[in-house]
Amino acid sequence: MKHIKYNIKHKKQIVKFLALILLLTVSVPLMTGCGKSGNGSGERVVLNVYNWGDYIDETVNDLFEEKYGIKVNYETFATNEDMYTKIKSGGGKYDIAIPSDYMIKRMIDENLLNKINLDNIPNYKYIEDRFKNLAYDPNNEYSVPYMWGTVGILYNKTMVNEPVDSWKILWDEKYAKQILMLDSYRESIGVALKMLGYSMNSDNPEELEAAQNALIEQKPLVLAYIGDEIKDKMIGEEAALAVVWSGDAIYCKRENPNLEYAIPKEGSNYWFDAIVIPKTAEHQAEAEKYIDFLCDPEIAFKNTEYIGYSSPNSGAKEMLDPSLLNDKTAYPDDEDIKNCEIFQYNESLIKTYDEIWTRITAE
Amino acid sequence: MRFLKKFYTFIIFFFLYAPIVVLMIFSFNNSKSRAKWGGFTFKWYAELFRDDEILSSLYYTVIIAVISSLVATVIGTIAAIGIHNMSKVKKTVVMNLTYLPVINPDIVTGISLMILFIFIKLDLGFITLLFAHITFNIPYVILSVMPKLKQLNKHIYEAALDLGATPLRAFWKVILPEIMPGVVTGALLAFTLSLDDFVISFFTTGSGVSNLSITIYSMARRGINPKINALSTIMFITVLLLLIVVNKRTSRKENA
Amino acid sequence: MKTRWIATPYIVWMIIFTVVPLLLVFFFSVTVQTDDGIVFTLEHFKKLMEPIYLKVLLRSILLAFVSTLVCLVLGYPMAMILASSDLKRKNVLVFLFVAPMWMNFLLRTYAWLTLLEKNGLINSVLSIFGIKPLNLLYNNLAVLLGMVYNFLPFMVLPIYSVLSKVDKSVIEAAQDLGANNFKVFTKVTFPLSLPGVASGITMVFMPAVTTFVVPRLLGGAQFTLIGNLIERQFVLVGDWNFGSAISIVMMILILISMGIMSRYETESVEGGFFG
């Protein structure tokens, strides 16, 4: 008898608990003023934007909505390839996306992007000339730059007593287990190719094999192949040398003054994230308004302040702290980046890269 | 012996909670980096409440987790009972198919579901996300309920029928209470899986519907903003409070 | 019994959402897109047979096996303790056991980094006692720790749910017949808990084979596992065919090993409810 009584109480307890949870879940939207549920709510135009995580100042979308009355549905992706896979399969009707250089080239080649009418983007005039007519979009028809930077070596001045000017230092046994490499084969194989004096975009099988062997040789010296944790690791002085993006280097240097950034003399990678309009866009005109809004110097300034990466927008640069403008890490001269290349997309190379990476990481 | 039990429990719980405590502490860190302590601050909590995107993700995460785990628990429990009584051959086939979402890497489940939805011309959004979550939750419910069914004495069901109960009443009053720990376990596991799913959710959602995992993993390139630590801390405290409240109410009932 | 038909809603759901996608994956694994259209082929499976990929597969299975074993060894006592605690505390403890899993996985793993790093919290505490910094990260131990951390509840909960309702009278009978605690456990309790153990092993081993985020974050991505190989094929390389082939092979391998295990389980469990 007692056994059955407990079971009934038990059930009631569970039902009450569930009711409490349901109540909470219903009250959350009331607190946040109704989440962005559903689409196409009547007459208001809705713009679907697809961007990297934490890659826009949190007030920008609200300001855009206030100015134009266009609602923004904001979604995020973690890598170019995730975004590409989704868009290519038809899995999302995005009006705006912000991929990286090589991915834009790929999307142009595969006819996944709409042309942008620059006449509708008066603020385009603020994009510096040296960021126009880039290799991946030579006629500026499909993209507008958003953020840019370089790849280089971040090192701890207290742990490295020699000048850092060559990729070869990452192969120096003196720094065994003090080296951090990026967990991304494009960057890592690129670094190896540059170290050997070849082009980052090489498709020569011998050069690629040399790069593969160099990376296999380097493996015992590498502490780890990691992603964004590289920043905290360097700030925490867990390693002496790391391959990083310039934007992250700016942040690291600020958090730990022992750190310094250098672009090796062999040259490096010069990257861009740019705004594009995918073919699945349903609101071309509104999308172009959004791009124009992002190029407004005030907005571009907000973004570069929040994100901490380098802006291609001259108007935004004028508002920056002069010490940042003079920092070669954030805004290198043409001289510093003369050997830098932009990644190109090469379909046939991808499989080779994957096989190379598998071979490096199989042992 | 009692001391040993307590000690072991303490060690395991310490192991489980050490990272949780760490991440809660860092929600008050003035520096964005987890590598150094920049001083105590509440600023991340303030920034959290200004961030519509994160709050919207939170809303969808909780709703999807609650609904999908409830639906999966109902479908899964009923299915487990049905499967349990199948012939050996049928049971093996069905169980092996049930294992598939558990075996498959998330990317395969995610992409194949995405293609399925596109193929049947269903727009990616809340509904597709919900369907996807229910799909990967059900096997865990079935796997949790099955052992309880195996443990069950089949004669009590027949005894209840003999005593004049309808099958439904026999189920409700006799079988369900016996398998309840399995059902609750299944629901808990389903809820847990749903809260933390990234890959499958990424490929099966759209129309501005995002969940917390997507928002957080998307920060992978940039570094996880401590706003997320703040959010997790709030979520955790909420769960703890809920537990305390429910516990107080049941102990009051038992003392009554 | 009429009850077997009530599984129908699930069967329908499963056909739509599990079987159809499975057929899609199977389709990708046996075809290839050539200039003349789609052609049937076994070349993807052949590619998988290369030694380098077999090494990757073996490593993944080994890691999953060890993780499952450790989860079982650590988790079974925990399940027993949970099951034997008094009613009021039991539910609270179970909830508290699962609650850490509700925090985002990435966040928790990063917290482990903070704990295990050279200049991390554990080493900082040890240095107070004058102990030199230990190398706790980017090795097999760290990976195993991460795996167990993530999978332990999936092992503990099903075992707990079975143990919590073990018929006390059976245990009392065994004790009356003169069995000591050890014998009671090995001859009565453990065999009765096997269905829970089987579920626990299933829920840990299967996903563990294709897991790769923990080895990547805590192992320093030094090794490719079958999980990241598959993900790379689908997302980075765009070779859905090869990715599907690897998945199909994995599915078959795991199902076979589960099949062998379940035969062992059926033979050793006496009685029960076999409809």
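Predicted model: local features only at pLDDT ≥ 70, side-chain atom pairs only at ≥ 80, totals over all residues.
**View 1. The open sheet of chain A.** In chain A, three strands form an open sheet whose order is 2-1-3, and the pairing between them is parallel. The edges of this sheet are strand 2 (71–77) and strand 3 (96–97) of chain A, each of which pairs on one side only. Strand 1 (residues 46–52) of chain A runs parallel to strand 3 of chain A and is joined to it by two bridges. Within this pairing, Val49(A) has Ile96(A), in strand 3 of chain A, as its bridge partner.

**View 2. Two packed helices of chain B.** Two packed helices are described by the angle between their axes and the distance between the axes. The axes of helix 6 (residues 126–151) and helix 8 (residues 167–195) of chain B come within 8 Å and cross at roughly 155°. Because angles over 145 degrees count as roughly antiparallel, helix 6 of chain B and helix 8 of chain B are therefore described as roughly antiparallel to each other. Helix 6 of chain B passes helix 8 of chain B in a right-handed crossing, and the residues of their contact divide into 12 nonpolar, seven polar and two charged.

**View 3. The fold of chain C.** Chain C contains 12 helices and two strands, and along the sequence these elements follow the pattern α-β-β-α-α-α-α-α-α-α-α-α-α-α. The C-alpha atoms of chain C fill a box of roughly 75 × 70 × 30 Å, taken along the principal axes. Of the 275 residues of chain C, 48% count as buried, and among the contacts in chain C with a separation of 6 or more, 69% come from residues 24 or more positions apart.

Terms used. Residues numbered from 1 in each chain as written. Chains lettered and ligands numbered in written order. Pairing = 2+ DSSP bridges. Helix = DSSP H or I, 4+ residues; strand = E, 2+ residues; numbered from the N terminus. Buried ≥ 20, exposed ≤ 12 C-beta atoms within 10 Å, placed from the backbone. Contact = placed C-beta atoms within 7 Å. Axes fitted to C-alpha atoms, helices over the stretch in contact; angles between N-to-C directions. Parallel < 35°, antiparallel > 145°, perpendicular 65-115°, else oblique. Left-handed = near helix turned anticlockwise from the far one by under 90°. Nonpolar A, V, L, I, M, F, W, Y, C, P; charged D, E, K, R; others polar.
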